[in-house]
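Biologist: Could you walk me through reading a fold, one feature at a time? I have the sequence and the coordinates open.

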Amino acid sequence: MAVLDDKIAETPLARRDLAEDLARVPLFAALDPATLRAVAAGMDWFSLPGGATLFEAGESPDSLYVVLSGCLVASVIAPDGFRRLVGRIGAGETVGELALISGSVRNATVTALRDSEMGRLSREGFEALLMRHPEAMLRLAQLTAQRLDSAQRQQRGRRIRPKTITLVPHSLEVDVIGFGVQLTEALAQAGRTELVWNARGQEHTSQWFHRVESGNDFVIYVAEPQPSAWSRLCLRQADLMLLIAPADAEAAAFATLDAAADRSKACQRSELVLLHDGALHAGAARRWLGAEPALTQHHHVRDERDVARLARLVTGRGLGIVLSGGGARGFAHIGVLRALLESGLAVDAIGGTSMGAIMGAGAALGWSHEEMRERFRRTFVDTNPLNDYTLPFVSLVAGRKVTRLLRQEFGELDIEDLPLPYFCVSANLTSGRPAIHRRGALWRWLRASVAIPGVLPPVFQDGEVFVDGGAINNLPVDVMREIGRGAVIGVDVAADPVFRADFDDIDVPPLWRTLQWFRGKRRRVNILQILWRAGMVNSAAATAVHREHTDLLLQPPLEQIDMLDWRAFERAIDSGYRHTLERIERLPGPLVAASGCTVLAGPDDPPQERGLDLLSDTPA
């Protein structure tokens, strides 16, 4: 953890050498000192308070702006009517010059995320600069390419990593300083981190805050539970706000946020953090998310391991795993999860489809591989979940047995109650689209995710019909990517051929021939296999694309295991375990996630490149 320097020099804007400040701006860096002084003298210099708007989308351009300190954000109104962040402009960057070059109106609204010191160069001054110094145009082209790349990463669900995090306590009951110290120590594993609270920062200017943020990789601000000038400043400084509340307290809106009418809500991420005293409080997430309906992300914190996971997730350095459907082959996921744990990797977020959704829910609950073995052997091996046959008006089996077994193992938990971020996927036959379930009764949406069309009855909810997610998206890597939490490992257990027949025929054979097949032990195909496989065929193309979007793809060899062979339980687990260990050992070099951090490395790579300190519960 960094040591905060309270004696950082704070020179008023009017007395600073602005030419020196301009020299640190890439657009002007190549200019000689005399030209820099002339440009600085011709600019207007001002302070822009956090929350204030610099210019609106649709306005005619008349100037470019330089950010000396602070931070601005660019946003647009999306088709759904909500404001969407499209870029961030930090100290040393310029904004507004592209509209001057193109002559078009401003295409985004730019707002001060926190108190910022700015310089304004008029259109006339900008054109004169380019005429006298054409090298500045080359630098402009380079900056444009960088911004385009950043925008494309944003569209692919790769979030901009927050640098400043503000902790907002719900009440005095929250030990926000103690939590801040824990989070600071966890973030220090990834970079230089500083903790700032009111006694240390409230008397300083924006220049002081800029120096503190420039000297650290992360800065954590601690707001107060009640509205105050310090709390408003903390909110303006934030790239990310973590709303901290006791899980067992009565849920209510955060007073500090309600009073902060000047903050740019749409341009800052806000996530809920629920503090648990030991065991998880079931239903707490649903209550608190109901009190703050704008929140979409939440975290459960019980101990230091959960704080470490939170630090990884909010900074895009986490590890997400996506588990495919595949019937009995899905037991291989238990072996995969065990191998990852033994390799020193902590899974931070989980998603899945069909059988992968069930295995992933167990892992998200914190079950060990021994407990998963015991529970799923009891559920799938000791009893056949698909033998409550019924008249086939809607499906071959009644589904009551599957429902009972899911409720038996998972109880009445909500998806929001799971310690790890989790989602499962079903197929909405009403809309013809995949349905992503992040809230609601866990057993119900697991039941929907495994509702094989024609085999199990669909799940009906609010007039819509849901079936097995494998019908549309059997390997939902895209969903995990959109969450933008870091590296993604995909586990596809349905890649191998599912079944074959060793005879040629076009009609249902007579009974006597069927009996001969049984006696001769010839390969035969039954209706359950046909319906199961037919329900997954449409997602094959999407699965092939999603495999390419993983940071590491695992495909255990499972060709010899039938999708309905529940007795292959141990063989499937062993295959997943051995395959995962072999793949990790064979990695030729460091595996770099889309976020740019190293998450896995081969055995011959030096320890500092293995990156396990970012992903495991204890530093490597």
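Biologist: Which residue stands opposite I244?

Modeller: V273 in β11 stands opposite I244. Strands of a sheet pair through backbone hydrogen bonds, either parallel or antiparallel. Here β10 (residues 240-246) and β11 (residues 269-275) pair in the parallel sense over seven bridges. Two strands count as paired if DSSP finds at least two bridges between them; strands (E, at least two residues) and helices (H or I, at least four) are DSSP runs numbered from the N terminus.

Before we go on, this is a predicted model, where local features need pLDDT of at least 70, side-chain atom pairs count only at pLDDT 80 or more, and totals for chains, interfaces and linings use all residues. Residues are numbered from 1 along each chain as its sequence is written, and side-chain values use heavy atoms, with hydrogens and water left out.

Biologist: In what order do the strands of the open sheet come?

Modeller: The six strands run β8-β9-β7-β10-β11-β12, with parallel pairing. At the edges are β8 (193-196) and β12 (298-301), each pairing on one side only. Neighbouring strands of this sheet are turned by 25 degrees against each other on average, direction ignored. Angles run from 0 to 180 degrees between N-to-C directions, using axes fitted to C-alpha atoms, for helices over the stretch in contact.

Biologist: Which strands does helix α11 lie across?

Modeller: Helix α11 (residues 284-291) lies across β10, β11 and β12, at about 145 degrees to β11. Contact means heavy atoms within 4.5 Å.

Biologist: How many residues of helix α9 are buried?

Modeller: Buried means under 20% relative accessible area, exposed over 50%, and partly exposed in between (1.4 Å probe, protein chains only). In α9 (residues 229-237), seven of the nine residues are buried, including W230, L233 and R236.

Biologist: At what angle do α14 and α15 pack?

Modeller: Angles under 35 degrees count as roughly parallel, over 145 as roughly antiparallel, 65 to 115 as roughly perpendicular and the rest as oblique. Helices α14 (residues 355-364) and α15 (residues 369-381) pack at about 140 degrees, their axes 11 Å apart, and are therefore oblique to each other. On the α14 side, M355, I358, M359, G362 and A363 meet M372, F376 and F380 of α15. That contact divides into seven nonpolar residues, one polar and no charged; Ala, Val, Leu, Ile, Met, Phe, Trp, Tyr, Cys and Pro count as nonpolar, Asp, Glu, Lys and Arg as charged, and the others, Gly among them, as polar.
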